[in-house]
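Me: Please take me through this structure, from its domains to its salt bridges. Keep it brisk.

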Amino acid sequence: MAQVVPIRRRDRQRLETRARVYEAAVDEFRREGFARAQVDRIVAAAGVARGTFYFHFPSKEHVLLELQRKHEAAIEARLDAMPRPRSARELLEQVVDALLSEIVEQVDPALLREILALYIRRPDDLDLSDQPFPVVSAVTGRFTEAARVGDLRNDIPPAQLAVLLLTSLFGFLSSDEIEPEQLRRRLESVISIFLRGISA
């Protein structure tokens, strides 16, 4: 039986402070927009010194990465809770359902665009080379299994398929001008096009 190691009081306080700073930063991003967000307002809302922000997050962009990680973990959990798909179409529909239920319900489209823009801008102080992508890994695993059982072509690397699919889907998801039902229809059209190219 694994032994549960209690969190020391100082470590617990550090985690609580980090969470307060994170929440204050995300609130500031939502209210003011990422570009206009100010660290001074974030630390005032969190009730901490300016240096405390930089102790936990070297830049505002690092807060966005934390936001991305939290949402990716939630999407991965939604996928893991779904039954094993019986077809390639059902697999893709599950990916869309997991993304829609998390992104539409939980993520501000403007912040999603800022997260995606990080990978285009690639700020000098932000090392993205070892950034984990749990959703890409989860979808890659499902594509690998689908290819193994003959539901998908096996001549295209599953990781490439996962990145291609998710890039297409996130492009639509980052729009704030589309109603959820219209968005779902557009994503379903992406699935149909995608299926034509990858079905075994």
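Reply: First, a definition: a polar contact is a pair of N or O atoms within 3.5 Å; within protein, one must be able to donate a hydrogen and the other to accept it, and residues adjacent in sequence count only if both atoms are side-chain atoms. This is a predicted model, where local features need pLDDT of at least 70, side-chain atom pairs count only at pLDDT 80 or more, and totals for chains, interfaces and linings use all residues. Residues are numbered from 1 along each chain as its sequence is written, and side-chain values use heavy atoms, with hydrogens and water left out.

Me: How many residue pairs are in polar contact across the interface of domain 1 and domain 2?
Reply: The domain bounds come from an automatic or database domain assignment. That assignment gives domain 1 as 1-57 and domain 2 as 60-198. With both residues at pLDDT 80 or more, the rule finds the following number of residue pairs in polar contact across their interface: three.

Me: Which helix gives the largest share of the side of domain 1 that touches domain 2?
Reply: Helices are DSSP runs (H or I, at least four residues), numbered from the N terminus. On the side of domain 1 that touches domain 2, the residues divide into 10 nonpolar, no polar and two charged. Here Ala, Val, Leu, Ile, Met, Phe, Trp, Tyr, Cys and Pro count as nonpolar, Asp, Glu, Lys and Arg as charged, and the others, Gly among them, as polar. Six residues, the largest share of that side, come from residues 9-32, helix H1.

Me: What area is buried between domain 1 and domain 2?
Reply: Buried area is the accessible area (1.4 Å probe) that two parts lose on being put together, summed over both. The C-alpha centres of the two domains lie 27 Å apart. Carbon and sulfur atoms give 71% of the area buried between them, which is about 1,200 Å². In domain 1, the residues that lose the most area to domain 2, together 53% of what that side buries, are Tyr22, Arg30 and Phe34.

Me: Which side chain meets Arg18 in a salt bridge?
Reply: A salt bridge is a side-chain nitrogen of Lys or Arg within 4 Å of a carboxyl oxygen of Asp or Glu. Between domain 1 and domain 2 the count is one. At 3.3 Å, N to O, Arg18 meets the side chain of Glu66.

Me: Is Val21 buried or exposed?
Reply: Val21 is found in helix H1. Contact means heavy atoms within 4.5 Å, and beyond four places in sequence Val21 touches Ile42, Ala46, Val48, Phe53 and Phe57. The accessibility classes are buried (under 20% relative accessible area), exposed (over 50%) and partly exposed (in between), with a 1.4 Å probe and protein chains only. At a relative accessible area of 0%, Val21 is buried.

Me: How far apart are the closest N and O atoms of Glu28 and Arg31?
Reply: Glu28 and Arg31 are three residues apart in helix H1, so about one helical turn separates them. Glu28 counts as buried at 1% relative accessibility, whereas Arg31 is exposed at 54%. Their salt bridge brings the closest N and O atoms to 2.9 Å.

Me: Which helix holds both Arg89 and Glu93?
Reply: The side chains of Arg89 and Glu93 meet in a salt bridge at 3.9 Å, N to O. Arg89 is partly exposed at 37%, and Glu93 is partly exposed at 34%. The two lie four residues apart, about one turn, in residues 88-106, helix H5.

Me: How far apart in sequence are the parts that Arg184 and Asp97 tie together?
Reply: Arg184 forms a salt bridge with Asp97, the closest N and O atoms being 2.9 Å apart. Arg184 is partly exposed at 24%, as is Asp97 at 31%. Arg184 lies in helix H9 (residues 180-198) and Asp97 in helix H5, so the pair ties together parts whose separation in sequence is 87 residues.

Me: Which residue's backbone oxygen does the side chain of Arg142 reach at 3.1 Å, besides that of Ala138?
Reply: Arg142 lies in helix H7 (residues 134-148) and counts as buried at 18% relative accessibility. A polar atom of its side chain lies 3.1 Å from the backbone oxygen of Ala138. Beyond four places in sequence, Arg142 is in contact with Leu79, Asp80 and Leu91. Its side chain also reaches, at 3.1 Å, the backbone oxygen of Leu79.
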